[in-house]
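I opened this structure today and kept a few notes as I went. Here they are, for anyone who is new to it.

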Amino acid sequence: MKKILFLYILTSLVSCEPDDICSENTQTTPRLVIEFFDIENFEAPKTVPGLFAVGLDDLGNEVTILGEVVNSRSIIELPLNGSENQTQFKLYSNYDIIDNEVEGNPDVITIAYETESFYVSRACGYKNNYSIQGFSIEQDIDLWMISTEITINEVTNENESHVKIFH
């Protein structure tokens, strides 16, 4: 009986592989990093007061972005949809909710891209990298975003800014 128990434990230990657990240090699908700059000084980062982002589905309905909060900041990281070739977001400046009404100035951006999937490991699965093909701001009567510049087309990590938006 002891031999059977020993063989069972030995077999269990040998069958475990290092990739059974996905390490927090493992690179997963990166988000698009957008940095905001002053329209009057292209090199000066500029904070967007009350910045808040929501995704837009194919019908234009707002989709909550997990972990996104209202915050005054000059950088935002947005997840791209790996099963599509473009994603739309509504970025609010001066976002607030007053008497159950959304206040703020929304502008819609569209990111067009190609997706490339990579196998990471059994525990981590696949990750996507993206190649930005286009970035645009939908025109409206009260734009707070004036122009854009794609600085890095390949979205392979979150350590650098991929797009600059001037406001």
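My entries below go through a disulfide, a charged patch and a few loop and strand residues.

**Ground rules.** I am working with a predicted model, in which local features need pLDDT of at least 70, side-chain atom pairs count only at pLDDT 80 or more, and totals for chains, interfaces and linings use all residues. I number residues from 1 along each chain as its sequence is written, and side-chain values use heavy atoms, with hydrogens and water left out.

**Disulfide.** How many disulfides does a search of the whole structure find? I got one. I counted a pair of cysteine sulfur atoms within 2.5 Å as a disulfide. The partners are Cys 22 and Cys 124, with sulfur atoms 1.9 Å apart. Cys 22 sits in the loop between α1 (2-15) and β1 (32-38), and Cys 124 in the loop between β8 and β9 (125-137), so the pair ties together parts 102 residues apart in sequence. For these labels, helices (H or I, at least four residues) and strands (E, at least two) are DSSP runs, numbered from the N terminus. I also looked up the torsion about the S-S bond of Cys 22 and Cys 124: it is about 110°, so the disulfide is right-handed.

**Exposure.** I call a residue buried under 20% relative accessible area, exposed over 50%, and partly exposed in between (1.4 Å probe, protein chains only). Cys 22 is partly exposed because its relative accessible area is 30%.

**Negative patch.** Which residues form a negative surface patch? I found Asp 96, Asp 99, Glu 101 and Glu 103. Patch members have over 30% relative accessible area and no salt bridge, and like charges are joined within 9 Å. A salt bridge here is a side-chain nitrogen of Lys or Arg within 4 Å of a carboxyl oxygen of Asp or Glu. Asp 99 lies in the loop between β7 (86-98) and β8 (101-121), and its 71% relative accessibility makes it exposed.

**Positive phi.** Most residues other than glycine have a negative phi. I noted Asn 100, not a glycine, with a positive phi of about 65°. Asn 100 is in the loop between β7 and β8 and is exposed at 77%. Asn 94 also has a positive phi, about 60°; I placed Asn 94 in strand β7, partly exposed at 46%.

**Asn 159.** Where is Asn 159? I located Asn 159 in the loop between β11 (154-155) and β12 (163-166). Asn 159 counts as exposed because its relative accessibility is 68%. Its C-alpha atom is 9.3 Å from that of Pro 30, 129 residues apart along the chain.

Conventions: Patch = residues over 30% accessible without salt bridge, like charges linked within 9 Å, V, L, I, M, F, W, Y side chains within 5 Å. Areas by Shrake-Rupley, 256 points an atom, 1.4 Å probe, with all protein chains shown as cover. Lys, Arg positive; Asp, Glu negative; His and termini not counted. Charge placed at Lys NZ, Arg CZ, Asp CG, Glu CD.
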